[in-house]
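Welcome, and take a moment to look over the protein shown below. The report that follows walks through it region by region.

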Amino acid sequence: MDGARHPDRRALLTGGLFVATAALAGCSSASDAPATAGASPQARPTMQPTTRPATPAAAFRRLMDGNERWVSGDLQHPDRDPDRREFVAQKQQPFGSVLACIDSRVPPELLFDTGLGDLYVMRTGGEAVGPVVTGSVEYGPMTSGTPLIVVLGHQRCGAIEASYTSLRDGKPLPGNLEAIARALRPAYEQAVREGGADPVDTMARAQVTLTAADLRSNQDLAPLVKKGTLAVIGAYYSLDTGKVEVLAGAPS
């Protein structure tokens, strides 16, 4: 889904990106960052860096537990206070990366009941991807060992619907919106093959599964998946219920 790869992409990620990561402390991570002097003695355990889930399965459980709280309304609002802000000001160690849609009704930090420094989040129309987006998704797993990637589609996606109509009717979308439609063509073609009563919803789900499969098998992430240190999940969010449904890739 991210098109042709630039020939020096691996060199960039393994060389320049790591140098930049070391230089920019605000974008780096460390497993033993000290607590700030001003931290409250009653600070929540989630503020401690050692509590970051070490495995894909543990990260997945933490994310889905948060979604269950979102659905029920029994929210904890973790990691959202001045102490947490001070704690992650110099270092970060998110436990998951989420590629989601730009839709205002689908903010990953809220629907998974997470807080500051918990997730890397990338958002594009219809989860459309390209080299820059793919590189952004790869950043957490490749530079700080983030054990989980979630590709999150959703119900009634406007970008999916507009792209479906454009591709079906052969009428390009205006401006750079057409780039979104082009990126979503594989999902459109799969939806056409599958048919069904709601082809737009079928396309939304196809976009999730195709993108997750592409990330899972790309040359930089596949070795981490094979070792079991990374899981790439495809998921679908219901606007009606608030529930996240796993479509593919849930770690055991």
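Which residues in helix α8 (residues 185–194) are buried? They are Ala187, Tyr188, Gln190 and Ala191, where buried means under 20% relative accessible area, exposed means over 50%, and partly exposed is in between (1.4 Å probe, protein chains only). Viewed down the axis of α8, these buried residues fall within an arc of 165 degrees, so they line one face of the helix; the arc is that of the directions from the helix axis to the C-beta atoms. The buried residues of α8 pack against α6 (158–169) and α9 (199–217). Just after α8 comes Gly195, with a positive phi of about 70 degrees.

Before going further, a word on the model. It is a predicted one, in which local features need pLDDT of at least 70 and side-chain atom pairs count only at pLDDT 80 or more, while totals for chains, interfaces and linings use all residues. Residues are numbered from 1 along each chain as its sequence is written, and side-chain values use heavy atoms, with hydrogens and water left out.

**The overall picture**

The protein has 10 helices and five strands. Helices (H or I, at least four residues) and strands (E, at least two) are DSSP runs, numbered from the N terminus. Of its 252 residues, 48% count as buried. Among contacts with a separation of 6 or more, 72% are between residues 24 or more positions apart, where contact means heavy atoms within 4.5 Å.

**The nonpolar core**

The largest nonpolar core holds 19 residues, and Leu63, Leu111, Phe112, Leu148, Val150, Leu152 and Val244 touch the most other members. At least two residues of this core come from each of α2 (56–72), β1 (96–100), β3 (148–154) and β4 (231–237). A nonpolar core here is a set of buried Ala, Val, Leu, Ile, Met, Phe, Trp, Tyr and Cys residues joined through side-chain atoms within 4.5 Å. In soluble globular proteins, nonpolar side chains tend to be buried together.

Phe112 lies in the loop between α4 and β2 and counts as buried at 1% relative accessibility. Leaving aside neighbours within four places in sequence, Phe112 is in contact with Leu63, Met64, Gly66, Asn67, Arg69, Leu152 and Val244. Phe112 and Arg62 are 50 residues apart along the chain, yet their C-alpha atoms are separated by 8.7 Å.

**Around Asp118**

Asp118 is found in the loop between α4 (108–111) and β2. A polar atom of the Asp118 side chain lies 2.7 Å from the backbone nitrogen of Gly115. Leaving aside neighbours within four places in sequence, Asp118 is in contact with Arg62, Asp79, Arg84, Pro94, Phe95 and Gly96.

How do some of the residues in this report compare in accessibility? The table gives their relative accessible areas.

| Residue | Relative accessible area | State |
|---|---|---|
| Asp79 | 0% | buried |
| Asp118 | 3% | buried |
| Phe87 | 10% | buried |
| Arg156 | 49% | partly exposed |

Phe87 is found in helix α3. Phe87 and Gly117 are 30 residues apart in sequence and 9.3 Å apart in space, C-alpha to C-alpha.

**Positive phi angles**

Most residues other than glycine have a negative phi. Asp79, in the loop between α2 and α3 (82–87), has a positive phi of about 55 degrees although it is not a glycine. Arg156, in the loop between β3 and α6, also has a positive phi, near 55 degrees.

**Aromatic rings**

How many aromatic pairs are there? The count comes to two, taking rings of Phe, Tyr and Trp (its six-membered ring) whose centres lie within 6.5 Å, with planes under 30 degrees apart called stacked, over 60 edge-to-face and the rest tilted. Tyr120 and Tyr139 form an edge-to-face pair, 5.8 Å centre to centre with 80 degrees between the planes. Tyr120 lies in strand β2 (residues 119–123) and Tyr139 in helix α5 (residues 131–144), so the pair ties together parts that are 19 residues apart in sequence. Both Tyr120 and Tyr139 are buried.Finally, the charged end of Arg205 sits over the ring of Tyr236, 3.9 Å from its centre; a charge sits over a ring if NZ of Lys or CZ of Arg is within 6 Å of the ring centre and within 35 degrees of the ring normal.

Note on methods
A polar contact is a pair of N or O atoms within 3.5 Å; within protein, one must be able to donate a hydrogen and the other to accept it, and residues adjacent in sequence count only if both atoms are side-chain atoms.
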